[in-house]
Amino acid sequence: MEKMIIEGGDSLRGEVRISGAKNAALPIMAAALLTPEECVIRNVPQLQDVRFMTKILQALGAEAELAGDAVRIRAVRIGDTCDYDLVRKMRGSVCVLGPLSARLGRARVALPGGCVIGARPIDLHLKGMEALGAQVAVRGGYVHTRADRLAGREIFLSGRAGPTVLGTANVMMAATLAEGVTVIQGAACEPEVADLAKFLAAMGAKIEGAGSPTIVVTGVPGLHGAEHELIPDRIEAATFAVAAAATGGEVALRGARPDHMSAVLDKLREIGVETRREGERFLVRPAGPLRPAHITTHPYPGFPTDVQAQMTALLTQADGISIVTERIFESRFMHISELARMGAKVYVEGPHAIIHGPNKLSGAEVMASDLRASAALVIAGLMAEGRTEVRRIYHLDRGYERIDEKLTALGARVKRAEDQGP
Ligand code: EPU
(Lines give C-alpha, C1' and ligand atoms only; values in the text may rest on other atoms or scores of the structure.)
Protein backbone atom coordinates (compact mmCIF):
# COMPACT_ATOMS: atom_id res chain seq x y z
CA MET A 1 0.00 0.00 0.00
CA GLU A 2 1.16 3.55 -0.67
CA LYS A 3 0.82 6.80 1.21
CA MET A 4 1.24 10.39 0.07
CA ILE A 5 3.60 12.66 1.94
CA ILE A 6 2.83 16.35 1.65
CA GLU A 7 4.96 19.24 2.91
CA GLY A 8 2.37 21.97 3.33
CA GLY A 9 2.49 25.71 3.00
CA ASP A 10 3.19 26.26 -0.73
CA SER A 11 0.77 28.06 -3.02
CA LEU A 12 -0.24 26.19 -6.17
CA ARG A 13 0.72 28.16 -9.28
CA GLY A 14 0.63 27.33 -12.95
CA GLU A 15 -1.50 25.40 -15.37
CA VAL A 16 -3.05 21.94 -15.08
CA ARG A 17 -4.65 19.93 -17.87
CA ILE A 18 -7.95 18.39 -16.86
CA SER A 19 -8.34 14.70 -17.74
CA GLY A 20 -11.34 12.94 -19.27
CA ALA A 21 -14.24 12.30 -16.90
CA LYS A 22 -14.07 9.05 -14.92
CA ASN A 23 -17.83 9.01 -14.37
CA ALA A 24 -18.46 9.40 -18.09
CA ALA A 25 -15.84 6.75 -18.99
CA LEU A 26 -17.40 3.95 -16.92
CA PRO A 27 -20.96 3.88 -18.38
CA ILE A 28 -19.69 4.71 -21.87
CA MET A 29 -17.32 1.73 -21.77
CA ALA A 30 -20.26 -0.42 -20.64
CA ALA A 31 -22.37 0.95 -23.53
CA ALA A 32 -19.92 -0.62 -25.98
CA LEU A 33 -21.46 -3.97 -24.92
CA LEU A 34 -24.57 -2.98 -26.88
CA THR A 35 -22.92 -3.72 -30.24
CA PRO A 36 -20.66 -6.45 -31.66
CA GLU A 37 -18.82 -3.78 -33.67
CA GLU A 38 -15.69 -1.97 -32.53
CA CYS A 39 -16.01 1.17 -30.40
CA VAL A 40 -13.17 3.57 -29.68
CA ILE A 41 -13.32 5.92 -26.73
CA ARG A 42 -10.76 8.72 -26.44
CA ASN A 43 -9.60 11.13 -23.74
CA VAL A 44 -9.88 8.22 -21.32
CA PRO A 45 -8.17 8.95 -17.98
CA GLN A 46 -5.55 6.46 -16.79
CA LEU A 47 -7.20 5.45 -13.57
CA GLN A 48 -7.63 2.35 -11.49
CA ASP A 49 -11.43 2.40 -12.07
CA VAL A 50 -10.97 2.57 -15.85
CA ARG A 51 -8.50 -0.35 -15.80
CA PHE A 52 -11.00 -2.19 -13.68
CA MET A 53 -13.86 -1.55 -16.11
CA THR A 54 -11.58 -2.87 -18.88
CA LYS A 55 -11.16 -6.06 -16.83
CA ILE A 56 -14.92 -6.39 -16.38
CA LEU A 57 -15.51 -6.12 -20.12
CA GLN A 58 -12.80 -8.73 -20.72
CA ALA A 59 -14.31 -11.01 -18.08
CA LEU A 60 -17.61 -10.75 -19.98
CA GLY A 61 -15.82 -11.97 -23.11
CA ALA A 62 -15.30 -8.66 -24.93
CA GLU A 63 -11.98 -7.58 -26.40
CA ALA A 64 -11.00 -4.43 -24.53
CA GLU A 65 -7.64 -2.76 -24.86
CA LEU A 66 -6.36 0.40 -23.23
CA ALA A 67 -3.60 2.18 -25.16
CA GLY A 68 -2.59 5.68 -24.11
CA ASP A 69 -5.75 7.70 -23.67
CA ALA A 70 -7.88 5.46 -25.92
CA VAL A 71 -9.79 2.31 -25.19
CA ARG A 72 -10.93 -0.02 -27.99
CA ILE A 73 -13.77 -2.40 -27.25
CA ARG A 74 -15.21 -5.18 -29.41
CA ALA A 75 -17.95 -7.20 -27.81
CA VAL A 76 -18.60 -9.89 -30.44
CA ARG A 77 -19.66 -12.72 -28.13
CA ILE A 78 -20.34 -11.89 -24.51
CA GLY A 79 -21.54 -13.70 -21.42
CA ASP A 80 -24.35 -12.55 -19.16
CA THR A 81 -22.67 -12.73 -15.74
CA CYS A 82 -20.80 -10.09 -13.77
CA ASP A 83 -19.41 -11.69 -10.61
CA TYR A 84 -19.50 -10.40 -7.06
CA ASP A 85 -15.69 -10.17 -6.95
CA LEU A 86 -15.84 -7.61 -9.76
CA VAL A 87 -18.86 -5.61 -8.60
CA ARG A 88 -17.86 -5.37 -4.96
CA LYS A 89 -14.55 -3.69 -5.89
CA MET A 90 -16.24 -1.00 -7.96
CA ARG A 91 -19.92 -0.18 -7.56
CA GLY A 92 -19.89 1.60 -10.93
CA SER A 93 -19.71 -1.82 -12.59
CA VAL A 94 -23.47 -2.15 -12.05
CA CYS A 95 -23.86 -0.15 -15.28
CA VAL A 96 -23.34 -3.34 -17.31
CA LEU A 97 -26.86 -4.40 -16.23
CA GLY A 98 -28.73 -2.32 -18.83
CA PRO A 99 -26.49 -3.17 -21.82
CA LEU A 100 -26.43 -6.93 -21.02
CA SER A 101 -30.21 -7.09 -20.54
CA ALA A 102 -30.81 -5.25 -23.83
CA ARG A 103 -28.24 -7.09 -25.95
CA LEU A 104 -28.69 -10.64 -24.62
CA GLY A 105 -32.20 -10.54 -23.18
CA ARG A 106 -30.75 -11.65 -19.86
CA ALA A 107 -28.19 -10.59 -17.25
CA ARG A 108 -26.83 -11.90 -13.99
CA VAL A 109 -25.08 -9.11 -12.11
CA ALA A 110 -23.97 -9.21 -8.47
CA LEU A 111 -25.64 -6.70 -6.15
CA PRO A 112 -23.07 -4.10 -5.18
CA GLY A 113 -23.92 -3.70 -1.48
CA GLY A 114 -23.09 -0.60 0.55
CA CYS A 115 -19.84 1.29 0.86
CA VAL A 116 -18.21 3.79 3.12
CA ILE A 117 -20.28 6.74 1.82
CA GLY A 118 -23.68 5.09 2.21
CA ALA A 119 -26.04 2.20 1.49
CA ARG A 120 -25.96 2.59 -2.33
CA PRO A 121 -29.16 0.68 -3.18
CA ILE A 122 -30.02 -0.10 -6.83
CA ASP A 123 -33.80 -0.38 -6.44
CA LEU A 124 -34.36 2.36 -9.04
CA HIS A 125 -32.20 0.53 -11.61
CA LEU A 126 -34.37 -2.55 -11.03
CA LYS A 127 -37.61 -0.54 -11.17
CA GLY A 128 -36.47 0.81 -14.55
CA MET A 129 -35.59 -2.61 -15.94
CA GLU A 130 -38.92 -4.01 -14.75
CA ALA A 131 -40.79 -1.11 -16.35
CA LEU A 132 -39.12 -2.02 -19.65
CA GLY A 133 -40.68 -5.46 -19.35
CA ALA A 134 -37.77 -7.46 -17.93
CA GLN A 135 -38.47 -10.09 -15.30
CA VAL A 136 -36.24 -9.07 -12.43
CA ALA A 137 -35.35 -11.36 -9.53
CA VAL A 138 -32.83 -11.03 -6.74
CA ARG A 139 -31.38 -14.42 -5.74
CA GLY A 140 -28.17 -15.40 -4.03
CA GLY A 141 -26.83 -11.86 -4.03
CA TYR A 142 -27.36 -11.47 -7.78
CA VAL A 143 -29.86 -9.55 -9.89
CA HIS A 144 -31.25 -11.75 -12.65
CA THR A 145 -33.05 -10.11 -15.55
CA ARG A 146 -34.81 -11.84 -18.41
CA ALA A 147 -36.82 -10.52 -21.37
CA ASP A 148 -37.20 -11.63 -24.98
CA ARG A 149 -37.18 -8.05 -26.07
CA LEU A 150 -37.52 -5.02 -23.83
CA ALA A 151 -40.50 -2.73 -24.50
CA GLY A 152 -40.57 1.08 -24.24
CA ARG A 153 -42.67 2.64 -21.46
CA GLU A 154 -42.99 5.82 -19.44
CA ILE A 155 -40.91 5.50 -16.26
CA PHE A 156 -40.47 7.83 -13.27
CA LEU A 157 -36.95 7.21 -12.02
CA SER A 158 -36.32 9.54 -9.07
CA GLY A 159 -36.11 8.25 -5.51
CA ARG A 160 -35.81 9.53 -1.97
CA ALA A 161 -32.55 11.37 -2.72
CA GLY A 162 -33.59 12.54 -6.18
CA PRO A 163 -32.56 11.09 -9.54
CA THR A 164 -29.96 8.36 -9.97
CA VAL A 165 -27.01 8.89 -12.31
CA LEU A 166 -26.08 5.29 -13.10
CA GLY A 167 -29.73 4.19 -12.87
CA THR A 168 -30.58 6.71 -15.60
CA ALA A 169 -27.59 5.43 -17.59
CA ASN A 170 -28.72 1.81 -17.23
CA VAL A 171 -32.32 2.47 -18.27
CA MET A 172 -31.30 4.76 -21.14
CA MET A 173 -28.86 2.15 -22.47
CA ALA A 174 -31.42 -0.64 -22.17
CA ALA A 175 -34.09 1.49 -23.89
CA THR A 176 -31.94 2.03 -27.00
CA LEU A 177 -32.71 -1.54 -28.14
CA ALA A 178 -36.25 -1.78 -26.70
CA GLU A 179 -39.29 -1.94 -28.92
CA GLY A 180 -41.08 1.43 -29.04
CA VAL A 181 -40.62 4.66 -27.12
CA THR A 182 -39.29 4.97 -23.57
CA VAL A 183 -39.84 8.19 -21.64
CA ILE A 184 -37.67 8.55 -18.53
CA GLN A 185 -39.12 11.17 -16.19
CA GLY A 186 -37.08 12.32 -13.19
CA ALA A 187 -33.88 11.47 -15.06
CA ALA A 188 -30.47 12.54 -13.77
CA CYS A 189 -29.26 15.67 -15.62
CA GLU A 190 -25.52 15.21 -15.01
CA PRO A 191 -23.22 16.05 -17.97
CA GLU A 192 -22.01 12.42 -17.81
CA VAL A 193 -25.54 11.25 -18.73
CA ALA A 194 -25.60 13.68 -21.67
CA ASP A 195 -22.15 12.45 -22.76
CA LEU A 196 -23.36 8.85 -22.66
CA ALA A 197 -26.38 9.83 -24.80
CA LYS A 198 -24.01 11.46 -27.30
CA PHE A 199 -22.02 8.23 -27.58
CA LEU A 200 -25.22 6.16 -27.91
CA ALA A 201 -26.44 8.52 -30.66
CA ALA A 202 -23.12 8.01 -32.48
CA MET A 203 -23.86 4.26 -32.27
CA GLY A 204 -27.23 4.85 -33.97
CA ALA A 205 -29.51 5.28 -30.95
CA LYS A 206 -32.40 7.76 -31.03
CA ILE A 207 -32.34 9.85 -27.84
CA GLU A 208 -33.76 13.27 -27.04
CA GLY A 209 -33.57 15.35 -23.89
CA ALA A 210 -30.49 13.80 -22.21
CA GLY A 211 -29.15 16.38 -19.76
CA SER A 212 -32.74 17.34 -18.80
CA PRO A 213 -35.18 15.59 -16.40
CA THR A 214 -37.10 14.01 -19.33
CA ILE A 215 -35.30 11.69 -21.73
CA VAL A 216 -37.10 10.15 -24.69
CA VAL A 217 -35.54 7.07 -26.28
CA THR A 218 -36.97 5.54 -29.45
CA GLY A 219 -35.79 1.94 -29.70
CA VAL A 220 -33.87 0.72 -32.76
CA PRO A 221 -33.24 -2.91 -33.81
CA GLY A 222 -29.45 -2.67 -33.50
CA LEU A 223 -26.51 -0.37 -32.79
CA HIS A 224 -23.19 -0.08 -34.61
CA GLY A 225 -19.61 0.77 -33.63
CA ALA A 226 -18.68 4.39 -32.92
CA GLU A 227 -15.90 6.70 -31.78
CA HIS A 228 -16.26 9.15 -28.96
CA GLU A 229 -14.19 11.69 -27.02
CA LEU A 230 -15.05 11.98 -23.33
CA ILE A 231 -15.94 15.28 -21.67
CA PRO A 232 -13.41 16.70 -19.18
CA ASP A 233 -13.74 15.66 -15.56
CA ARG A 234 -15.68 18.42 -13.79
CA ILE A 235 -14.91 16.94 -10.37
CA GLU A 236 -11.16 16.86 -11.01
CA ALA A 237 -11.37 20.46 -12.28
CA ALA A 238 -13.33 21.52 -9.19
CA THR A 239 -10.79 19.77 -6.95
CA PHE A 240 -7.90 21.73 -8.48
CA ALA A 241 -9.95 24.96 -8.28
CA VAL A 242 -10.55 24.37 -4.56
CA ALA A 243 -6.87 23.48 -4.04
CA ALA A 244 -5.82 26.74 -5.73
CA ALA A 245 -8.15 28.71 -3.47
CA ALA A 246 -7.04 26.77 -0.39
CA THR A 247 -3.34 27.51 -0.93
CA GLY A 248 -3.80 31.15 -1.92
CA GLY A 249 -2.32 30.43 -5.33
CA GLU A 250 -3.38 30.91 -8.93
CA VAL A 251 -4.16 27.95 -11.13
CA ALA A 252 -5.25 27.84 -14.76
CA LEU A 253 -7.45 24.85 -15.59
CA ARG A 254 -6.84 23.84 -19.20
CA GLY A 255 -9.61 22.02 -21.01
CA ALA A 256 -12.17 22.33 -18.18
CA ARG A 257 -15.84 23.01 -18.95
CA PRO A 258 -16.87 25.82 -16.57
CA ASP A 259 -20.45 25.42 -17.84
CA HIS A 260 -20.44 21.99 -16.12
CA MET A 261 -19.24 23.54 -12.85
CA SER A 262 -21.62 26.46 -12.30
CA ALA A 263 -22.67 25.57 -8.73
CA VAL A 264 -19.05 25.10 -7.58
CA LEU A 265 -17.83 28.27 -9.28
CA ASP A 266 -20.76 30.23 -7.86
CA LYS A 267 -19.88 29.13 -4.31
CA LEU A 268 -16.18 29.84 -4.86
CA ARG A 269 -17.07 33.39 -5.97
CA GLU A 270 -19.40 33.79 -2.98
CA ILE A 271 -16.61 32.98 -0.55
CA GLY A 272 -14.17 35.35 -2.25
CA VAL A 273 -12.43 33.40 -4.99
CA GLU A 274 -11.93 35.00 -8.39
CA THR A 275 -12.70 32.80 -11.38
CA ARG A 276 -12.48 33.87 -15.01
CA ARG A 277 -12.14 32.44 -18.46
CA GLU A 278 -9.06 33.28 -20.51
CA GLY A 279 -9.30 31.62 -23.92
CA GLU A 280 -8.98 27.85 -23.47
CA ARG A 281 -8.04 28.27 -19.81
CA PHE A 282 -10.02 28.98 -16.71
CA LEU A 283 -8.24 30.94 -13.96
CA VAL A 284 -8.88 30.48 -10.24
CA ARG A 285 -7.36 32.54 -7.42
CA PRO A 286 -8.56 33.90 -4.08
CA ALA A 287 -9.16 37.65 -4.14
CA GLY A 288 -8.62 38.16 -0.38
CA PRO A 289 -9.65 36.55 2.92
CA LEU A 290 -12.26 33.81 2.47
CA ARG A 291 -15.84 34.30 3.63
CA PRO A 292 -17.90 31.48 5.22
CA ALA A 293 -20.77 29.84 3.31
CA HIS A 294 -23.76 27.54 3.56
CA ILE A 295 -23.59 24.72 1.03
CA THR A 296 -26.06 21.91 0.38
CA THR A 297 -25.33 19.08 -2.02
CA HIS A 298 -27.96 18.41 -4.70
CA PRO A 299 -28.28 16.50 -7.95
CA TYR A 300 -26.91 18.37 -10.99
CA PRO A 301 -27.00 21.32 -11.62
CA GLY A 302 -26.82 21.72 -7.82
CA PHE A 303 -23.64 21.58 -5.76
CA PRO A 304 -22.12 18.10 -6.36
CA THR A 305 -21.68 15.65 -3.49
CA ASP A 306 -18.37 14.71 -5.13
CA VAL A 307 -16.95 18.17 -4.25
CA GLN A 308 -18.42 18.38 -0.75
CA ALA A 309 -15.36 17.00 1.07
CA GLN A 310 -12.88 19.23 -0.77
CA MET A 311 -15.04 22.32 -0.12
CA THR A 312 -15.33 21.42 3.57
CA ALA A 313 -11.53 21.39 3.79
CA LEU A 314 -11.39 24.82 2.13
CA LEU A 315 -14.01 26.31 4.47
CA THR A 316 -11.77 25.62 7.49
CA GLN A 317 -9.92 28.73 6.23
CA ALA A 318 -13.02 30.97 5.90
CA ASP A 319 -13.53 33.68 8.49
CA GLY A 320 -16.68 32.58 10.35
CA ILE A 321 -19.07 29.66 10.64
CA SER A 322 -19.88 27.58 7.56
CA ILE A 323 -22.52 24.86 7.29
CA VAL A 324 -22.18 22.10 4.73
CA THR A 325 -25.23 19.85 4.32
CA GLU A 326 -24.93 16.47 2.57
CA ARG A 327 -28.24 15.44 0.96
CA ILE A 328 -27.14 12.73 -1.49
CA PHE A 329 -25.28 10.14 0.60
CA GLU A 330 -25.97 9.44 4.27
CA SER A 331 -22.45 8.98 5.58
CA ARG A 332 -20.17 11.01 3.40
CA PHE A 333 -18.42 12.76 6.29
CA MET A 334 -15.53 10.38 6.97
CA HIS A 335 -13.06 13.18 6.22
CA ILE A 336 -14.38 15.33 9.07
CA SER A 337 -12.69 13.45 11.91
CA GLU A 338 -9.44 13.37 9.92
CA LEU A 339 -9.64 17.14 9.33
CA ALA A 340 -10.20 17.54 13.07
CA ARG A 341 -6.98 15.58 13.68
CA MET A 342 -5.23 18.29 11.68
CA GLY A 343 -6.66 20.96 13.97
CA ALA A 344 -9.82 21.94 12.08
CA LYS A 345 -12.73 23.06 14.26
CA VAL A 346 -15.40 21.05 12.58
CA TYR A 347 -18.10 18.70 13.78
CA VAL A 348 -21.00 16.73 12.36
CA GLU A 349 -24.61 17.19 13.41
CA GLY A 350 -26.89 14.86 11.40
CA PRO A 351 -26.46 15.67 7.70
CA HIS A 352 -24.63 18.93 8.54
CA ALA A 353 -20.94 19.64 8.99
CA ILE A 354 -20.38 22.79 11.00
CA ILE A 355 -17.04 24.47 10.44
CA HIS A 356 -15.54 27.25 12.53
CA GLY A 357 -12.80 29.14 10.74
CA PRO A 358 -10.28 30.37 10.06
CA ASN A 359 -8.08 27.87 11.73
CA LYS A 360 -4.47 27.09 10.82
CA LEU A 361 -4.13 23.36 10.17
CA SER A 362 -1.09 21.38 11.18
CA GLY A 363 0.29 18.36 9.35
CA ALA A 364 -0.61 14.92 10.70
CA GLU A 365 -0.98 11.30 9.68
CA VAL A 366 -4.49 10.83 8.31
CA MET A 367 -6.42 7.98 6.76
CA ALA A 368 -8.17 8.22 3.39
CA SER A 369 -11.62 6.55 3.41
CA ASP A 370 -12.96 7.14 -0.10
CA LEU A 371 -11.98 8.92 -3.27
CA ARG A 372 -13.25 12.44 -2.58
CA ALA A 373 -12.42 12.32 1.14
CA SER A 374 -8.84 11.54 0.08
CA ALA A 375 -8.80 14.60 -2.16
CA ALA A 376 -10.01 16.72 0.78
CA LEU A 377 -7.17 15.42 2.95
CA VAL A 378 -4.61 16.18 0.25
CA ILE A 379 -5.98 19.76 0.04
CA ALA A 380 -5.81 20.01 3.84
CA GLY A 381 -2.21 18.75 3.70
CA LEU A 382 -1.30 21.42 1.14
CA MET A 383 -2.71 24.15 3.43
CA ALA A 384 -1.26 22.76 6.66
CA GLU A 385 1.92 23.71 8.42
CA GLY A 386 4.44 20.87 8.31
CA ARG A 387 4.17 17.34 7.01
CA THR A 388 0.99 15.40 6.33
CA GLU A 389 0.89 11.71 5.48
CA VAL A 390 -2.30 10.58 3.75
CA ARG A 391 -2.51 6.82 4.08
CA ARG A 392 -4.41 4.43 1.79
CA ILE A 393 -4.09 6.64 -1.28
CA TYR A 394 -5.23 3.82 -3.54
CA HIS A 395 -8.61 5.55 -3.17
CA LEU A 396 -7.11 8.62 -4.83
CA ASP A 397 -5.71 6.61 -7.73
CA ARG A 398 -9.20 5.33 -8.51
CA GLY A 399 -10.30 8.78 -9.64
CA TYR A 400 -7.43 11.27 -10.07
CA GLU A 401 -5.04 10.75 -12.96
CA ARG A 402 -1.38 11.27 -11.96
CA ILE A 403 -2.44 13.62 -9.16
CA ASP A 404 0.99 13.69 -7.52
CA GLU A 405 2.65 14.69 -10.81
CA LYS A 406 0.02 17.34 -11.50
CA LEU A 407 0.40 18.82 -8.01
CA THR A 408 4.20 18.77 -8.24
CA ALA A 409 4.05 20.64 -11.55
CA LEU A 410 2.00 23.30 -9.75
CA GLY A 411 4.73 23.71 -7.12
CA ALA A 412 3.44 21.44 -4.35
CA ARG A 413 5.86 19.26 -2.41
CA VAL A 414 4.21 15.83 -2.57
CA LYS A 415 5.63 12.37 -2.96
CA ARG A 416 4.52 8.77 -2.73
CA ALA A 417 6.05 6.30 -0.32
CA GLU A 418 5.45 2.70 0.66
CA ASP A 419 3.26 2.45 3.73
CA GLN A 420 4.20 -0.40 6.04
CA GLY A 421 1.21 0.27 8.30
CA PRO A 422 -2.06 -1.72 8.34
N1 EPU B 1 -30.26 5.74 -5.00
C2 EPU B 1 -31.36 4.99 -4.62
N3 EPU B 1 -31.72 3.92 -5.40
C4 EPU B 1 -31.05 3.61 -6.54
C5 EPU B 1 -29.93 4.35 -6.93
C6 EPU B 1 -29.55 5.43 -6.14
O7 EPU B 1 -31.97 5.27 -3.61
O8 EPU B 1 -31.44 2.63 -7.19
C9 EPU B 1 -29.85 6.88 -4.19
C10 EPU B 1 -28.42 6.74 -3.66
O11 EPU B 1 -28.37 5.98 -2.48
C12 EPU B 1 -28.05 8.18 -3.44
C13 EPU B 1 -28.75 8.89 -4.61
O14 EPU B 1 -29.81 8.02 -5.02
O15 EPU B 1 -28.62 8.63 -2.24
C16 EPU B 1 -27.88 9.21 -5.80
O17 EPU B 1 -27.15 8.06 -6.20
P18 EPU B 1 -26.77 7.80 -7.71
O19 EPU B 1 -27.44 6.56 -8.17
O20 EPU B 1 -26.97 9.03 -8.51
O21 EPU B 1 -25.21 7.48 -7.59
P22 EPU B 1 -24.39 6.57 -8.57
O23 EPU B 1 -24.97 6.69 -9.91
O24 EPU B 1 -24.23 5.21 -7.98
C25 EPU B 1 -22.68 8.37 -9.38
C26 EPU B 1 -21.21 8.58 -9.32
C27 EPU B 1 -20.79 8.94 -7.90
C28 EPU B 1 -21.56 10.20 -7.48
C29 EPU B 1 -23.07 9.97 -7.61
C30 EPU B 1 -23.90 11.19 -7.30
C31 EPU B 1 -20.33 7.10 -11.03
C32 EPU B 1 -19.53 5.91 -11.37
N33 EPU B 1 -20.51 7.36 -9.74
O34 EPU B 1 -22.96 7.27 -8.53
O35 EPU B 1 -19.42 9.24 -7.96
O36 EPU B 1 -21.25 10.54 -6.15
O37 EPU B 1 -23.37 9.55 -8.97
O38 EPU B 1 -23.55 12.25 -8.12
O39 EPU B 1 -20.80 7.81 -11.91
C40 EPU B 1 -17.23 9.49 -7.13
O41 EPU B 1 -16.87 9.73 -8.30
O42 EPU B 1 -16.48 9.69 -6.13
C43 EPU B 1 -18.58 8.97 -6.90
C44 EPU B 1 -18.92 8.35 -5.77
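**Helices, cores and backbone features of a predicted chain**

Just after helix α9, Gly 272 has a positive phi of about 105°. Helices here are DSSP runs of H or I of at least four residues, strands are E runs of at least two, and both are numbered from the N terminus. The structure is a predicted model, in which local features need pLDDT of at least 70, side-chain atom pairs count only at pLDDT 80 or more, and totals for chains, interfaces and linings use all residues. Residues are numbered from 1 along each chain as its sequence is written, and side-chain values use heavy atoms, with hydrogens and water left out.

Helix α9 covers residues 262-270, and its buried residues are Ala 263, Val 264, Leu 265, Lys 267 and Leu 268. Buried means under 20% relative accessible area, exposed means over 50%, and partly exposed lies in between (1.4 Å probe, protein chains only). Contact requires heavy atoms within 4.5 Å.

The chain as a whole was examined next. Its secondary structure comprises 14 helices and 24 strands. The radius of gyration is 21 Å, close to the 22 Å that the globule rule gives for 422 residues, so the protein chain is as compact as a globular protein of that length. This radius is taken over C-alpha atoms, and the rule is 2.2 Å times the number of residues to the power 0.38. Along its principal axes, the C-alpha trace spans about 60 × 45 × 35 Å. Of the 422 residues, 58% count as buried. Among contacts between residues at least 6 apart in sequence, 73% join residues at least 24 apart.

The accessible surface of the protein chain comes to about 16100 Å². Carbon and sulfur atoms hold 48% of that surface. These areas come from the Shrake-Rupley method with a 1.4 Å probe; for residues, only the protein chains shown count as cover. The chain carries 50 positive and 49 negative charges, and their mean positions are 1 Å apart. Lys and Arg count as positive, Asp and Glu as negative, while His and the chain ends are not counted. Each charge is placed at NZ of Lys, CZ of Arg, CG of Asp or CD of Glu.

The largest nonpolar core holds 79 residues. Such a core is a set of buried Ala, Val, Leu, Ile, Met, Phe, Trp, Tyr and Cys residues joined through side-chain atoms within 4.5 Å. Val 96, Met 172 and Leu 200 touch the most other members. Helix α1 (residues 22-31) gives the most to this core, with 7 residues. A second, separate core has 70 residues and includes Leu 265, Ile 295, Leu 339 and Leu 396. Helix α1 is mostly covered, with 9 of its 10 residues buried. Among them are Lys 22, Pro 27, Ile 28 and Met 29. Leaving aside neighbours within four places in sequence, Leu 200 is in contact with Ala 31, Leu 34, Met 172, Met 173, Thr 176, Ala 205 and Ile 207.

Thr 312 lies in α10 (residues 308-315). Thr 312 is buried, at 0% relative accessibility. Not counting residues up to four places away in sequence, Thr 312 touches Val 324, His 335, Ile 336, Leu 339 and Ile 355. Ala 373 belongs to α12 (residues 371-383). Ala 373 is also buried, and its relative accessible area is 2%. Beyond neighbours within four places in sequence, Ala 373 contacts Ala 309 and His 335. The C-alpha atoms of Thr 312 and Ala 373 are 9.9 Å apart, across 61 residues of chain. Between Ala 373 and Gln 310, the C-alpha distance is 7.2 Å and the sequence separation is 63 residues.

Several loops carry backbone features of note. The peptide bond from Tyr 300 to Pro 301 is cis, with omega near 10°. Pro 301 sits in the loop between β18 (294-296) and α10. The bond from Gly 357 to Pro 358 is cis, with omega near -5°. Pro 358 is placed in the loop between β21 (352-357) and β22 (365-367). Arg 392 is not a glycine, yet has a positive phi of about 60°. Arg 392 lies between β23 (387-391) and α13 (394-399), and is partly exposed at 29% relative accessible area. Arg 402, likewise not a glycine, has a positive phi of about 40°. Arg 402 occupies the loop between α13 and α14 (403-409), and is partly exposed at 43% relative accessibility.
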